[in-house]
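Work through the following exercises with the sequence and the model open side by side. Each task is followed by a solution in steps.

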Amino acid sequence: MTLPKTTAELRALDAAHHLHPFSDTKALNEEGSRIIVKADGVWLTDSDGNRILDGMSGLWCVNVGYGREEIVEAVATQMRELPYYNTFFKTTHKPAIELAARLAELTPPQFNRVFFTGSGSESNDTVIKLVRRYFDIKEQPKKKIIISRRNAYHGSTVAAGSLGGMSPMHDQSAVIADVVHIAQPYFWGEARQGETPDEFGLRTARALESTIDALGEDRIAAFIAEPIQGAGGVIVPPASYWPEIARICRERDILFISDEVICGFGRTGSWFGCETFGTEPDILVMAKGITSGYMPLGGVMVADRVVDVLLQGGDFNHGYTYSGHPAACAAALANLDIMLREKLVERVANDVGPYLKAQWSTLAEHPLVGEAPMMGLVGALELTPDKIGRTKFADVGKVGTMARDFSFQNNLVMRAVRDRLIIAPPLVISHGEIDELVARARK
Ligand code: PLP
């Protein structure tokens, strides 16, 4: 078959054969998908030649920006030498060895071992098994429940989707047992009248403690959360939230899992979001920014005290064909080289992060904007018909979707979560590009 050339022909082919993720494919086919053909820096180009500012780093992943020849070369070289081998059954390979050691250096000191996967969802499936295995080996088999948060997103496999707190996903699929969801620290949307951010942060964090008490500490295995909830709406918690959660996790016999699939690799202005908020997780979940999306790869870092127990348990009956794929590990190593050489994490903390925050916060003055949080290079705009009374639009999500679609027509990619617009641009974005991004968002 020869591939048709015009946009209309390509769209027709897509409509005939492609079921799109998280989409109403029928509606999409009537409208026609936009076909992205190339990209450079923070800019995408579509099949009609439009240049689109990618305010979302793809799906929160292209941290070093598009068009990095160095990653392309590293992958090509690795593919010529060893395109595939696995890390099961007494074998390994150099890219996996080197990347595992590099991640031990980059992550907080309690982490020295990684379990490789192919994605964030696979990583969180791995976490469920690891956590349960840990307590089985410790002869506490009743400890099975994982506490998560409403509107959390931890992936879309059956298990990771159950761990997440998105009811539209639960409604369409079986959910696994022993996952319980508590409130998210969404001050703007869920605080009581007159409650300060710190009071709200403490109250929301203490839902963890009361849930442990209600269900019994002997049944709770772990708490999982993103440092900043991403797909749930870029929920930046009040300052009191994380210290209180950290206290509860320390005092109770539960593991703390930080899902850093979005917040990892510089997004919040530290290498990992747990460092930004001063927490000390036992398990750290990664994907996306580990390769800047150039190749699919995920990983689960496990703290030494957990590893010490797991190593007593013999075989761990779990793994993926592509766990630690050599070409993906090579992409990750080249990606990390770029991040270190160009000091991209420091750039987010000291330069582009504060610059974007200053520009972005001016949008909070707009009559339709309830709040405009920004931390590092991830932020949101809460759209509301009444910013004083903090009310929501009657048809939740409609205005957000319209605004997102208008923005996309205007060649800025933002995401809509209900009526919150989200941005998370590549860490290499320039001041001029930030000005352009904010101008398009304002429009
Ligand atoms: N965890 C978080 C926090 C995410 O945001 C995502 C994806 O957006 C995932 C897990 C799932 O990752 P993947 O899509 O690579 O399976």
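Two strands count as paired if DSSP finds at least two bridges between them. The structure is a predicted model.

**Exercise 1. Which residues are bridge partners where E4 meets E10, and in which sense do the two strands pair?**

Step 1. Locate E10 at residues 298-303; E4 pairs with E10 in the antiparallel sense, over six bridges.
Step 2. Take Phe 111 and look across to E10: the bridge partner is Ala 303.
Step 3. H5, residues 94-106, lies across E4 and E10 and runs at about 135° to E4. H6 also packs on the sheet, where it touches E4, E5 (145-149), E7 (220-225), E8 (255-259), E9 (283-286) and E10. The direction of H6 makes about 25° with that of E10.

**Exercise 2. Give the strand order of the open sheet of seven strands, and explain which strands stand at the edges.**

Step 1. The order is E4-E10-E9-E8-E7-E5-E6, and the pairing is mixed.
Step 2. E4 (111-117) and E6 (179-182) each have a single partner strand, so one side of each has no neighbour in the sheet; these are the edges.
Step 3. From one strand to the next, the twist averages 25°.

**Exercise 3. Trace the open sheet of four strands.**

Step 1. Its order is E1-E2-E3-E14, with mixed pairing.
Step 2. The edge strands are E1 (36-40) and E14 (412-413), because each has a single partner strand and one side left without a neighbour in the sheet.
Step 3. E1 pairs with E2 (residues 43-46) in the antiparallel sense over four bridges, and Ile 36 has Asp 46 in E2 as its bridge partner. Two residues separate E1 and E2 in a hairpin, and in its turn Gly 41 has a positive phi of about 60°.
Step 4. E2 and E3 are antiparallel over three bridges, with Thr 45 opposite Arg 51 in E3. This hairpin has four residues between its strands, and Gly 49 in the turn has a positive phi of about 90°.
Step 5. E3 (residues 51-54) and E14 pair in the parallel sense over two bridges; Leu 53 has Leu 412 in E14 as its bridge partner.
Step 6. Helix H17 (residues 431-442) lies across E3 and E14, at about 95° to E3.

**Exercise 4. What span should H10 have at 1.5 Å a residue, and which of its residues are buried?**

Step 1. A residue is buried if 20 or more other C-beta atoms lie within 10 Å of its own. In H10 the buried residues are Phe 200, Gly 201, Thr 204, Ala 205, Leu 208 and Ile 212.
Step 2. To read that list, recall that an α-helix has 3.6 residues a turn, so residues three or four places apart point the same way.
Step 3. The buried residues of H10 pack against E5, E6, H9 (187-190), E7 and H11 (241-251).
Step 4. Just after H10 comes Gly 216, with a positive phi of about 100°.

**Exercise 5. How many residues surround the ligand, and which helix gives the largest share of the shell?**

Step 1. The ligand is surrounded by 15 residues, the closest being Ser 119, Gly 120, Ser 121, Gly 155 and Val 261.
Step 2. H6 (residues 120-137) supplies the largest share, three residues.
Step 3. By type, the shell holds six nonpolar, seven polar and two charged residues.

Conventions. Residues numbered from 1 in each chain as written. Predicted model: local features only at pLDDT ≥ 70, side-chain atom pairs only at ≥ 80, totals over all residues. Near = placed C-beta within 6 Å. Nonpolar A, V, L, I, M, F, W, Y, C, P; charged D, E, K, R; others polar. Contact = placed C-beta atoms within 7 Å. Axes fitted to C-alpha atoms, helices over the stretch in contact; angles between N-to-C directions. Buried ≥ 20, exposed ≤ 12 C-beta atoms within 10 Å, placed from the backbone.
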